Amino acid sequence: MDKALRTYTFKEVKVKEGLFRKRMEVNRAYLRELDDTCLLQNYYFEAGIIIPGLMTLENPAEANMHWGWEAPSCQLRGHFLGHYMSAAAMLIANDGDEILSAKLCHIVSELRRCQLANGGKWAGSIPEKYFEFMITSGYIWSPQYTIHKLLMGLLDTYKYTGNEEALLILSGMADWFTDWTEDVKKRSPETIFKGEQAGMLELWADAYTVTEDEKYRKLAETYKDQGIFKLIRAGKDALTDEHTNASIPIIQGAAKMYELTGDEDWRNIVETFWDLAVTKRGMFATTGQNAGEFWIPPEKMGEYRGDRGQEFCTVYNMVRVAEYLFKWTKKAEYSDYIERCIYNGFLAQQSAETGMPTYFLPMTTGSKKKWATKRNDFWCCQGTMIQSATKYPEMIYSADDENRKIYVNQYIPSEVTGKLGDKDIKIEQTLGMMGREVATLFEEHSISEKSRWKMRFVVEEGDGITVSFRIPEWVVEQPTISVNGSEKNFDELKTEEGYTDVEGLKAGDVIDIYLPSAIHAERLPDMKYLAAFLDGPIVLAGLTEDIDTIKGDFDAPEEFLDKVSEHAYDIFVWLQNNYRTKRQSKNFKLIPLYDVKDEPYTLYFEEIKE
């Protein structure tokens, strides 16, 4: 097994002021405001614990409860708490949030109370008999999916905060699953793989990695014989028309098994999956490869372009697969993919005001985002959204300790403090323009450029280290890299797998980097006359309800698009990535998809050549 890169953790990386910090804080506020009792309501009900004031409901509409997928009548009830625990634990690890820490400790103690009331093993929010229903031909909505979220939340709580009681509850649940799987293997072994159980393989393998307790390894072995693996090994299209989010987490399990065992077969499965899911299938400009939660047939994006595209859970889970692949290969193509997901999924499908997600990302003319409510929906995507908005710190930097090389994977204002090999390091990354400072950092490029892709890196601690910068696939001209004001000859710098090295850096060194971008059209593979427009990795949305044609040559967008700039007192000093059409019968504005709130928008336009 090749030596993988090490990811800098939540404790080591702080995201600084800017777009990403702003979105993290919106998410933090939501996590803080949710009521502990409501989060636990279904666990209390299952354990027979009476919640004050809820023995009877005279007016359900006014009851202090969570509804939607968290309603006591929903078979998926309780899934959201696991996501909540994971997200809270990550934020606590990142900056020691005392409010979330107190809430999480209370939630864990109450879950233990529920577990004891249920007999000492079961701590779930649904009846144990739901698992018996899976043996029958009757319908039951994904019991293993629901319980997996709790198990994930417990493990993450232990991993990121050291809460021993969370591990105790997880251990009891593992004992329950050991009993259940041993029993069901005798009566109906295929039941183990029924429903959306996909996350179980990664969960148990990760639990073993963290604890080295053999019972977790045995459970991972129980879940390793997934049907999709046989199809992938046979070189077949294992995805088309299959449920997207039932398959991606299985691949995360294969990735974790590779890291656990070193068996190359697991890695081959993951890499072949990526080839099937992305390379050969193609994707929308926003990265989605699914419609209505199912994999679109290869290169049929135009045919399936509708109102139920790009389920958010799939964006989140594909990013996690890409993270595994980048660690193993050090290839920028995976970091490029993650970057596009960040802008056109993580940000675009999160409300900047409430933090709520849009389940799907519509891609038709005059689309509108449908935002979740804070307490009445709790879709699966609401759970992955609160996790995604905590992930930014661990997406930015990776370490090659052996070669004293730190990889810059994402250009997000931040500070990393930790080890690189045997060296202590501290590096700060800032944008060329910061709205709060109302000043530009660089003078060597004309201020008229006002580009978000100017970054400055200051080595505050470290000696004899290498910083490896990702050169994105969207860069249109040779990047400019300067050290302490002296521009480097880019052609003389070592570039490998899309990363360029600046070597021999020491404390006090200042590196300025400029990545030139331009607007470009990205055509649908099966309908070449339809295209979306991107500025670098950022998909642009046309603010129009009824226009879906543009006159002009899409290979020369400057013929029909003008840049729009104005001074702003926000994230950036100047408005970023805004354009306006020209020479059309009716002109309209294009803005980043992540800036669209409730306005109608259109992503794909038909090319009308004059």
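**Entry: S367**

I looked up the side chain of S367 and found that it reaches the backbone oxygen of T364 at 2.6 Å, a polar contact being a pair of N or O atoms within 3.5 Å in which, within protein, one must be able to donate a hydrogen and the other to accept it, while residues adjacent in sequence count only if both atoms are side-chain atoms. I note here that this is a predicted model, in which local features need pLDDT of at least 70 and side-chain atom pairs count only at pLDDT 80 or more, whereas totals for chains, interfaces and linings use all residues. Residues are numbered from 1 along each chain as its sequence is written, and side-chain values use heavy atoms, with hydrogens and water left out.

I placed S367 in the loop between helix 14 (332-346) and helix 15 (380-388), where helices (H or I, at least four residues) and strands (E, at least two) are DSSP runs numbered from the N terminus. S367 is buried, with a relative accessible area of 3%; buried means under 20% relative accessible area, exposed over 50%, and partly exposed in between, with a 1.4 Å probe and protein chains only. Leaving aside its neighbours within four places in sequence, I found S367 in contact (heavy atoms within 4.5 Å) with D307, P362, E599, P600 and Y601.

**Entry: the nonpolar cores**

I then turned to the largest nonpolar core, which has 190 residues, and in which Y84, L111, F177, W204, F273 and Y392 have the most contacts; such a core is a set of buried Ala, Val, Leu, Ile, Met, Phe, Trp, Tyr and Cys residues joined through side-chain atoms within 4.5 Å. Helix 13 (residues 312-329) supplies the largest share of this core, twelve residues. Another core, of 13 residues, lies apart from it and has F554, Y579, F588 and L590 among its members.

For L111 I listed the contacts beyond its neighbours within four places in sequence, and these are L40, Y43, L81, M85, A123, L150, L154 and I169.

**Entry: rings**

I counted 43 aromatic pairs in the structure, where rings of Phe, Tyr and Trp (its six-membered ring) pair if their centres lie within 6.5 Å, and planes under 30 degrees apart count as stacked, over 60 as edge-to-face and the rest as tilted. F588 and F605 form a stacked pair, at 5.4 Å centre to centre and with 15° between the planes. Because F588 lies in the loop between strand 23 and strand 24 and F605 lies in strand 25 (residues 605-608), this pair ties together parts that are 17 residues apart in sequence. I also checked burial: F588 counts as buried at 6% relative accessibility, and F605 is buried at 0%.

**Entry: strands**

A541 has I591 in strand 24 as its bridge partner. Strand 23 (residues 578-581) is also antiparallel to strand 24 and joined to it by two bridges, with R580 partnered by K589.

Elsewhere I traced an open sheet of seven strands in the order 2-7-8-11-17-13-14, with antiparallel pairing. Strand 2 (13-15) and strand 14 (486-487) stand at its edges with a single partner strand each, so one side of each is left without a neighbour in the sheet. Strand 13 (residues 480-483) pairs with strand 14 over two bridges, and V483 stands opposite S486 there.

Terms used:
Pairing = 2+ DSSP bridges.
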